[in-house]
Amino acid sequence: MNHPLDRRAVLRATGAAALGVAAATALPTTSSAAAADVPVFGHGVASGDPLPTGVLLWTRVTPTAESTPGSGLGPEVQVRWEVASDAGFGAVVASGVTVTGPGRDHTVKVDVGGLAPATDYHYRFTVNGVRSPAGRTRTAPAADAAVQRLRFGVVSCSNWQAGHFAAYRYLAERGDLDAVLHMGDYLYEYEPGGFPVGSYVRPHMPPCEILSLADYRQRHAQYKTDPHLQRLHATCPWILTWDDHEVANDAWSGGAGNHTPGTEGEYAVRRAAAHRAYFEWMPVRNAGDRLYRRLRFGTLAELSMLDLRTHRSQQVKALSGDVDRPDRTIAGSEQLAWLIDGLVSSSAQWKLVGTSVMITPTLIPPLPAELLGPLLKLLGLPQEGGAVLTDQWDGYTADRRKVLKALAEHKVKDTVFLTGDVHSSWAADIPADAGLYPLSPSLATELVCTSVTSDNIDDVLKVPPRTASVVVEKALTGLNRHIKWVEYDSHGASVLEVTPAGTQMDWYYVADRTKADSPVRHGRSFRVKAGSQRVQPATSPIA
């Protein structure tokens with residue numbers, strides 16, 4: 001997707017102004033919220049799920065002082081929204097009025113249509129005479145457009161307690177992204193002082209493990225007060241899926257590792273509350289409880305975003321032979337059929353799959369317990385190796401076999417899985433038979449972004465970076481020849497560029513996750529050449 005040459009400069013120059021406090025752009029008002037110094041638009045603005053002719057707009061309003069997130073209090077109010085083709089809103093192309101109130105925690109979601117493909121737009125909201133900061137969004141190209149370039153930010157695992165979101169700041173400052181892909185764990189359910197085990201920078205609110213609808217609403221609200229998160233949301237549209245922590249750690253269809261029915265109530269009630277709050281507070285399209293969906297970006301790419309928590313079977317033990325049972329599923333039969341049909345029938349060149357957990361087959365090698373004992377215990381892994389992480393696709397091999405079989409039988413090319421979850425950086429081929437690789441052909445590739453803040457090996461073990469982690473990285477790539485690169489220490493964000501010639505991911509790392517103003521450096525880059533189904537090191541990051 002080609003942009004005007006000055007788009008990055010314009011975004012950088014206007015970013016701070018666009019994300020100023022609401023009072024800076026507010027019209028005169030006598031609302032009780034303003035009188036009590038409660039920011040009416042204190043949670044920012046956002047957009048998501050861009051289509052060729054439309055985009056979803058989001059905000060949250062606090063019309064009165066008592067209308068705090070999760071309170072269930074406050075009046076119903078009318079909220080005006082506007083979409084313009086210029087930053088000054090001199091050319092408004094769409095507008096309307098919607099109503100929100102305590103029933104949906106005073107959140108606003110507007111699905112705007114009638115827009116032009118591959119076009120930048122500006123949007124804002126007004127309630128009780130108070131105007132929100134302005135956001136910028138972008139529609140997707142037309143389905144038949146011959147797109148020459150797409151750029152996405154790719155992020156996951158953003159734990160408020162573990163640090164500040166400097167990685168989001170870096171992506172917002174770039175000014176060249178068509179969208180941000182969040183691969184899950186946008187927030188965490190833990191109580192203050194729970195996880196992370198490596199650091200504790202700022203406490204969660206409410207001050208408990210979240211269980212109720214009010215709890216989840218308040219936690220969403222807290223995350224959306226982060227200035228770097230607000231800025232990135234207001235810079236470009238987001239495309240999100242959830243992983244487990246949006247509900248509870250190690251979630252599956254009937255429960256979660258971090259849920260105790262006897263003391264924390266029925267899991268179904270907790271999950272329903274978490275999902276309701278998520279759909280209220282996130283700029284995502286959903287059909288009831290269905291989150292998985294597909295977005296098209298011209299003839300260049302089609303993106304399938306998966307939900308790998310709601311429909312999965314319960315996890316089994318690491319050394320259990322149950323991982324191969326044909327009745328076990330990670331995606332559910334309906335979603336798996338939808339995914340396979342989309343992959344084999346797509347007319348787009350690149351088939352991108354947003355998956356919250358890794359699909360690459362990965363055997364855990366023998367690891368020295370004297371060095372890595374706490375990590376092995378945390379993961380429930382034996383020292384002698386040979387196990388797999390059963391929370392990933394490795395614990396549901398029947399579903400993975402079906403996907404890979406379809407890719408092979410239909411000769412599908414240019415399939416790239418984009419993943420989060422493991423708080424580390426990976427680039428891997430996905431072979432038909434990992435044990436026979438490289439004789440076995442690679443059918444797809446996987447690029448894994450690291451965590452924005454959530455703990456990785458050096459944090460868990462409380463050791464200097466590039467010490468214990470190097471042992472694990474070398475052992476992993478030595479035993480799993482199809483895994484070309486692993487980096488276990490750094491936090492940050494990735495940038496994915498998609499062109500007809502290839503797809504490349506650049507990993508960018510923050511120097512210190514505990515500092516909001518942390519500098520960011522380029523880490524590594526890997527490229528998938530069109531038609532190859534293999535990853536290879538790239539000589540330089542994308543310009």
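**A guided tour of the predicted model**

Begin by selecting glutamine 392, which is found in the loop between helix 10 (369-379) and helix 11 (397-409). Helices (H or I, at least four residues) and strands (E, at least two) are DSSP runs, numbered from the N terminus. The structure is a predicted model, in which local features need pLDDT of at least 70, side-chain atom pairs count only at pLDDT 80 or more, and totals for chains, interfaces and linings use all residues. Residues are numbered from 1 along each chain as its sequence is written, and side-chain values use heavy atoms, with hydrogens and water left out.

Glutamine 392 counts as buried because its relative accessibility is 4%; buried means under 20% relative accessible area, exposed over 50%, and partly exposed in between (1.4 Å probe, protein chains only). Display next the residues in contact with glutamine 392, leaving aside its neighbours within four places in sequence: Ile330, Val357, Met358, Asp421 and Val422. Contact means heavy atoms within 4.5 Å.

Proceed to helix 11, which lies across strand 17 (415-419), strand 18 and strand 19 and runs at about 125 degrees to strand 19. Axes are lines fitted to C-alpha atoms, for helices over the stretch in contact, and angles run from 0 to 180 degrees between N-to-C directions.

Now colour the open sheet of seven strands, whose order is 14-15-16-17-19-18-20, with mixed pairing. Its edge strands, each pairing on one side only, are strand 14 (293-297) and strand 20 (483-487). Two strands pair if DSSP finds at least two bridges between them. Within this sheet, strand 18 (residues 425-431) and strand 19 (residues 442-448) run antiparallel and are joined by six bridges. Select aspartate 429 to find its bridge partner in strand 19, threonine 445.

Move to strand 21 (residues 492-498), where seven of the seven residues are buried. Strand 21 pairs with strand 9 (residues 150-155) in the antiparallel sense over five bridges; here valine 498 is the bridge partner of leucine 150. A hairpin of three residues leads from strand 21 to strand 22. Strand 22 (residues 502-510) runs antiparallel to strand 21, with seven bridges joining them, and glycine 492 stands opposite tyrosine 509.

Finish with helix 5 (residues 213-223) and helix 8 (residues 267-281), whose axes come within 8 Å and cross at roughly 35 degrees. To view the contact, select Leu213, Tyr216, Arg217, His220 and Ala221 of helix 5, then residues of helix 8 including Arg270, Ala273, Tyr278 and Trp281.
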